[in-house]
Amino acid sequence: MKTIKVALVGQPNVGKSSLINAISNAKMRVGNFSGVTLEKAEAILKYKDYTITMIDLPGTYSLNGYTMEEKVCKEFLSNEEYDIILNVLDSANLENNLTLTLQLKELSKNMFVALNMIDEAKKDGIEIDIQKLSNILNIGICAISSTQKQNLDKLLDGLVDTYENNDSTAQTTNNKLYLDNIQKIENIESLQWRKADTNDIKDIAVTHKISKMARDIANISQKISKKRAEGSAKIDSILLHNIWSIPIFLFAMLVVFEVSFVLGKYFQDLIEDGVDILANFATESIQNELLASLIGDGMIKGVGTVVSFLPLIATLFLGLTLLEGSGYMARVAFILDGLFFKFGLHGKSFIPLVMGFGCSVPAYMATRTLHNEKEKLLTLFIIGFMSCSARLPIYLLFVGAFFSVKYAGFILFLIYLCGFIIALLLAKILRIFVFRGDSEPFVMEMPRYRIPTLKVIWFSVWSKSYLFLKKAGSVILLGAIFVWFLANFPKSEEINKQYNTQIQNLQQKNMDKEKLEEEMKAYKNNMLESQLEYSFAGRLGHIMQPFFAPLGFDWRLSVALITGFSAKEMVVTTLGVLYALGDSVVDDEEENKSLQEVLRQHIDTAGAVAFIFFIMLYIPCFAATISFVSESGKKIYGIYLLVFTTIVAYTFAYVAHEIVRLLL
């Protein structure tokens, strides 16, 4: 049985994903290209006497090597081994799609063209003379509909024939003759394209010539095409309105986030409850206390934290896939590009930043919509300054402890606003000094409005969810074990002996059961505090205390910053343990008030404000950091993020501390 390796290439929104879904019946392997975060889908199918492997390359407008998609496609097509390039075109948007086709021809590779969405083109009254177009391009062409599964067998037959009739010498000769004959293009100067170089103009001009010829060898119903254009124009007149476009988008995103967080939070709570039950069961079932703590508190809860993010991620990507597949998100990026350009950001940066207020993990993953590597990295580096929901319990604790109740809501609003303003200012600074260079040209076609198919929606949500669990889950497990180790070792036998002696003496006293339980709880909390202070985490806290002394932090706040790296919610729990109140303070309102009183006794207002700023700005949790490293593509960027956010957090915390100290 012969093997044919096919590389699927096409511009965005031409239906490559739906095509590979239709051919393979969604039996695909999903992964990333080596060294980058761009996804690739690979399908293997049997057809007649052939095994056909299809690799879906990222959607790209050209092979100029400007965006990451272009670089990946060009690198793959130039250096990897494959038999055929299958160029997928949108039959209803032939003129723009042929730009990429011409660049692919210059590679002198075996090539076949699939005119996709032929059913939509016919509905619009567009008829294409495929044979004449094939003669012009010197390429085999097949008209198909991936959504309706039309002519898929003919497409596969065409691939087989192209493979069997492969003659690289003849192919190269035909391409050269074709390119020589196409040089005489008129009115090149009339084609105005933003930042287009000479080769770009040549390609565009050639495309214009071919598509014009194709329209002259084809019968196009102008009335129906005009009707479609008028329909899109009416929708765009509302969605792209100078005044109402942004409010409409904000409302659409509000609906997505509300549905995502309400629905996702419900299932997230269920998963968290299940994780707690499983962790408690493991802890109670395992006789060895240390092993029980490792499996229950470290491994199960550590991995469970990641798993609990899944419903939120899945529902968010479901909403975003619907908006993206409908053609609306391309228009939103156009709307916001001008505003964010002033801060060195791309219009598409808005969505990840807004998502950062919920959870940084899906926010980092959402940067995949950014094509320019520098603009993507810039967005990645400032997402963490958006206050995620995990920081909210910390804000509530400190705002309630150090500010009047009547001002608490306003102070909380200022915290979130400050984070957003600081993010924009730092984006401008990073753009000037670090991520210098030209912005990505914002020349784009507006895709037609359409309803994405269920297969495309399912594959998009499933693939992103799968990659999230596969990449983050395995590493999170190691990180959770590491944090557990820092907080539990070494243990002091002397502290344990003192605790056991105190408990024995307490049990010998004649007191009622309720009083005995309270005393025993107090002794246990003191023992936990002493053991934690004796552990590596506690020792590290004492080492770090001189560094944080100018901010008004004691060693307990330093330790809370360390454990907060595993999960920001751990900050409140850690403070409760360190201040001898136990980790139940998070769930008990009266004890939470007690923690606020203890904080006021140990920390002044200037130190509290500095701590809020530090929490707001320092490195996100471990799960988010792993997601950041994954999306940035290089592990060294994780170190850069740690250094950058620490410097920013320390600077703003110190300034805030000094200002408050002078005012009070």
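Student: Which residues form a nonpolar patch on the surface?

Tutor: This is a predicted model, in which local features need pLDDT of at least 70 and side-chain atom pairs count only at pLDDT 80 or more, while totals for chains, interfaces and linings use all residues. Residues are numbered from 1 along each chain as its sequence is written, and side-chain values use heavy atoms, with hydrogens and water left out. Patches are made of residues with over 30% relative accessible area and no salt bridge, like charges being joined within 9 Å and nonpolar side chains (Val, Leu, Ile, Met, Phe, Trp, Tyr) within 5 Å. The nonpolar patch on the surface is formed by Phe251, Leu254, Val255, Val259, Leu263, Tyr266, Phe267 and Leu270.

Student: How much accessible area do the residues of that patch have together?

Tutor: Accessible areas come from the Shrake-Rupley method with a 1.4 Å probe, and for residues only the protein chains shown count as cover. Together the patch residues have about 770 Å².

Student: Is Val275 buried or exposed?

Tutor: Val275 is also found in helix H10. Leaving aside neighbours within four places in sequence, Val275 is in contact (heavy atoms within 4.5 Å) with Ile300, Lys301 and Gly304. Buried means under 20% relative accessible area, exposed over 50%, and partly exposed in between (1.4 Å probe, protein chains only). The relative accessible area of Val275 is 14%, so Val275 is buried.

Student: How far apart in sequence are the parts tied together by Asp56 and Lys16?

Tutor: A salt bridge is a side-chain nitrogen of Lys or Arg within 4 Å of a carboxyl oxygen of Asp or Glu. Asp56 and Lys16 form one, with their closest N and O atoms 2.5 Å apart. Asp56 is buried at 7% relative accessible area, and Lys16 is buried at 7% too. Asp56 lies in strand S4 (residues 50-56) and Lys16 in helix H1 (residues 16-24), so the separation of the parts they tie together is 40 residues.

Student: Which residues are buried on the two faces of S4?

Tutor: In a regular strand, side chains alternate between the two faces of the sheet. In S4, seven of the seven residues are buried. One side has Tyr50, Ile52, Met54 and Asp56, and the other has Thr51, Thr53 and Ile55.

Student: How many bridges join strand S1 to S4?

Tutor: Two strands pair if DSSP finds at least two bridges between them. S1 (residues 2-10) and S4 run parallel, and Thr3 stands opposite Thr51 in S4. The number of bridges joining S1 to S4 is seven.

Student: Is Lys48 buried or exposed?

Tutor: Lys48 is in the loop between strands S3 and S4, and its phi is near 55 degrees, a positive value in a residue other than glycine. The side chains of Lys48 and Asp157 meet in a salt bridge, 3.0 Å from N to O. At 58% relative accessibility, Lys48 is exposed.

Student: Which residues does a cis peptide bond join?

Tutor: Pro490 is in the loop between helix H19 (454-488) and helix H20 (493-508). With omega about -10 degrees, the cis peptide bond joins Phe489 and Pro490.

Technical notes:
Helices (H or I, at least four residues) and strands (E, at least two) are DSSP runs, numbered from the N terminus.
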